[in-house]
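Biologist: Could you put the model up so that we can go through it together? I would like to begin with the pockets.

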Amino acid sequence: MLDLNFKYKDIINFLKDNSPFKPQLAIILGSGLGEFAGGLKTHKTILTTSIPGYPASTIEGHAGKIHFAEYTGKKLLLFQGRIHFYEGYLLSKCILPVFITHKTGCKKILLTNAAGSVNINFHPGDLMLATSFNGINIKKELTGLIGLSGIEEKNQVLDLPSQSFNNIIKKAALDEKIKLREGVYWYSKGPSYETPAEIKMTRKLGGDAAGMSTVHEAMFSSYLGLTTSAISCITNYGAGISESKLSHSDVTETANLVRDKFERLLKRIIIMI
Ligand code: HPA
């Protein structure tokens with residue numbers, strides 16, 4: 001029997017002992033977007049390597065730090081680095097940042113990621129608010145996890161992404177005069193980028209951006225009752241849309257180029273929550 005409270009009791013106790021406050025918003029910072037934490041007043045930074053049993057971060061652009069930070073008096077929990085399924089970790093490990101968020105008493109989470117465009121009107125450097133996610137396979141796996149963890153399974157349609165939080169994010173973008181695309185975030189396991197045929201298929205099925213994270217976190221956090229939204233930084237054209245070959249360094253470089261815009265949006269959102 002997989003009981004997350006038992007499985008992660010040392011990690012949760014460690015973080016409880018090291019939490020300076022109950023956060024109002026948690027943010028998981030995606031590939032190349034982690035630097036956001038550096039611009040804020042940080043109360044405490046914990047290296048995930050110092051947390052007993054925390055999965056190691058293996059990817060460039062994912063620092064493996066958890067920050068308790070503050071901006072305009074709002075208390076924040078920032079995950080600089082996430083745990084990916086394609087790194088070989090079980091889903092029960094990938095949702096750990098969400099579980100930690102829940103255990104700190106925080107009720108709201110914003111998931112950010114880097115993604116490739118699928119919609120041909122979206123371009124590198126664009127930001128996209130997720131309006132929905134694909135998740136049939138993930139739901140199947142999560143259902144097992146949730147059923148086994150003593151977390152009540154919910155059959156009703158989840159408010160995912162949160163309509164009220166999405167409305168705040170849209171208003172924040174308007175206030176900052178940032179063009180915010182809206183669309184469906186489409187997960188695939190990776191670790192390779194999609195083939196041109198897969199991007200074409202994804203477009204036909206209704207996807208607007210392709211990525212390798214976020215959906216299981218979003219579904220799990222929504223199951224836990226957290227208000228959940230997600231923003232993608234479009235870092236590249238999906239395979240086959242442009243001639244150029246994809247690489248992880250392109251992804252982090254574009255993410256660096258949009259850092260200013262992304263930070264302005266996040267800060268405005270924080271002010272508005
Ligand atoms: N596909 C999947 N994941 C990604 C991509 C992509 O094109 N870009 C950044 N993360």
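Modeller: The second largest pocket has a volume of about 290 Å³. On a 1 Å grid over the protein atoms alone, a pocket is an open set of points with protein on both sides within 12 Å along at least five of seven lines, while a cavity is a set of points where a 1.4 Å probe fits but cannot get out, and lining residues have an atom within 4 Å of a point. Grid points are joined across faces, edges and corners, and a volume is the space filled by probe spheres set on the points.

Biologist: Which residues lie closest to the centre of that second largest pocket?

Modeller: Of the 21 residues in its lining, Ser31, Tyr86, Ala114, Tyr193 and Met212 are the closest to the centre. Strand 5 (108–117), strand 8 (209–211), strand 9 (227–237) and helix 9 (248–257) each give two or more residues to this lining, and strand 5 gives the most, with four. Helices (H or I, at least four residues) and strands (E, at least two) are DSSP runs, numbered from the N terminus.

Biologist: Before we go on, what kind of model is this, and how are residues numbered?

Modeller: This is a predicted model, in which local features need pLDDT of at least 70 and side-chain atom pairs count only at pLDDT 80 or more, whereas totals for chains, interfaces and linings use all residues. Residues are numbered from 1 along each chain as its sequence is written, and side-chain values use heavy atoms, with hydrogens and water left out.

Biologist: OK, and what is the volume of the largest cavity?

Modeller: The largest cavity has a volume of about 70 Å³, and the structure holds three cavities of 30 Å³ or more. The largest cavity is lined by 13 residues, with Thr48, Tyr54, Gly64, Gly81 and Arg82 nearest its centre, and strand 3 (65–71) and strand 4 each supply at least two residues of that lining.

Biologist: Strand 4 again, then. Is Leu78 in that strand buried or exposed?

Modeller: Leu78, which lies in strand 4 (residues 74–80), is buried because its relative accessible area is 0%, where buried means under 20%, exposed over 50% and partly exposed in between, with a 1.4 Å probe and protein chains only. Leaving out residues up to four places away in sequence, Leu78 touches residues including Phe36, Leu40, Lys65 and Ala69, a contact being heavy atoms within 4.5 Å.

Biologist: Last one, how many disulfides does the structure hold?

Modeller: The structure holds zero disulfides, a disulfide being a pair of cysteine sulfur atoms within 2.5 Å. Cys94 counts as buried, at 0% relative accessibility, and Cys233 is buried at 0% too.
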